[in-house]
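Reader: Could you walk me through this structure, one question at a time?
Author: Gladly! Have a look at it first.

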Amino acid sequence: MDFSKVTAYMDSLLALDIPSVDIVVYRDHQQLYRYMVGYRDEERKQPLRGDETYNLYSATKVFTTCAAMQLIEAGKMRLDDPVSLYLPAFANLSVKDGDTVRPAKRPMLIRHLMSMQSGLNYDADTPAVRKVMEETHGQATTRQIVDAKAQDPLEFDPGDNYLYSLSHDVLAAVIEVAADMKFSDYLRKHIFAPLGLESTGFIPSEAEAARLCAQYVFDDEPGRPMPCSTM
């Protein structure tokens, strides 16, 4: 197969001040193409080697929903189950209504979490969450944080709208209950290990941290990507 146009496009990205790019194409578990260009360090002196590790950020949502669907397939949860069946703190939800707050018109369902239609927002710095973090000295569990978030009023009734939010974080807590194991343990056993994802996890080893590629955030002011803290 001719990947010359892909290679030319990848090279062109560096002219846009993108620090580095790396692409791999597989078919039937066989690598067809791999190309990398750019640098692994902020000073842009060390070329990519191909063994870099990266923070996955919201790409982890793919793992979360995959885990949920595995449990649904196994009959341990259903899309139309109320979230409160697994997380009782979500039994009596409230919703913002202008300057007031009222009870939610309907329960939040698993499918609402999956589709970001739960009514949750992305604010993880609420008084309830801060309180549980202070009480646990920053060591709150997934369940504790999610239960605290349940105290905040929703942006809309579940199912009424769409909002990119902490829905999948709550789904992770549901997975812990349905699977009866920590979310990280479930992913390691049922997704990472079967796929051979040896360097994928929540807490990097010393060796994995040493291979962490410099990461950036686009800054509107200078109009270019700027290095950002990653650990």
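This is a predicted model: local features need pLDDT of at least 70, side-chain atom pairs count only at pLDDT 80 or more; totals for chains, interfaces and linings use all residues.

Reader: Where is Arg 44 found, and what is its phi?
Author: Arg 44 is found in the loop between β2 (30–38) and α2 (60–73). Arg 44 is not a glycine, yet its phi is positive. The value is about 60°.

Reader: Is Met 116 buried or exposed?
Author: Met 116 is in the loop between α3 (110–114) and α4 (127–135), and its phi is positive, near 60°. Buried means under 20% relative accessible area. The relative accessible area of Met 116 is 5%, so Met 116 is buried.

Reader: What should the 14 residues of α2 span at 1.5 Å a residue, and how far apart are its end C-alpha atoms?
Author: The expected span is 1.5 Å times one less than the number of residues. For the 14 residues of α2 that should be 20 Å. This agrees with the model, where the end C-alpha atoms of α2 are apart by 20 Å.

Reader: Which helices do the buried residues of α2 pack against?
Author: The buried residues of α2 include Phe 63, Ala 67 and Leu 71. In general, an α-helix has 3.6 residues a turn, so residues three or four places apart point the same way. The buried residues of α2 pack against α3, α6 (167–179) and α7 (183–195).

Reader: Is α4 roughly parallel or antiparallel to α5?
Author: The axes of α4 and α5 (residues 142–149) come within 8 Å and cross at roughly 150°. Angles over 145 degrees count as roughly antiparallel. Therefore α4 is, relative to α5, roughly antiparallel.

Reader: Is the crossing of α4 and α5 left-handed or right-handed?
Author: Ala 128, Val 129, Val 132 and Met 133 in α4 meet Gln 144, Ile 145, Ala 148 and Lys 149 in α5. The crossing of these two helices is right-handed.

How values were computed: Residues are numbered from 1 along each chain as its sequence is written. Side-chain values use heavy atoms; hydrogens and water are left out. Helices (H or I, at least four residues) and strands (E, at least two) are DSSP runs, numbered from the N terminus. Buried means under 20% relative accessible area, exposed over 50%, partly exposed in between (1.4 Å probe, protein chains only). Contact means heavy atoms within 4.5 Å. Axes are lines fitted to C-alpha atoms, for helices over the stretch in contact, and angles run from 0 to 180 degrees between N-to-C directions. Angles under 35 degrees count as roughly parallel, over 145 as roughly antiparallel, 65 to 115 as roughly perpendicular and the rest as oblique. A crossing is left-handed if the near helix is turned anticlockwise from the far one by less than a right angle, and right-handed if clockwise.
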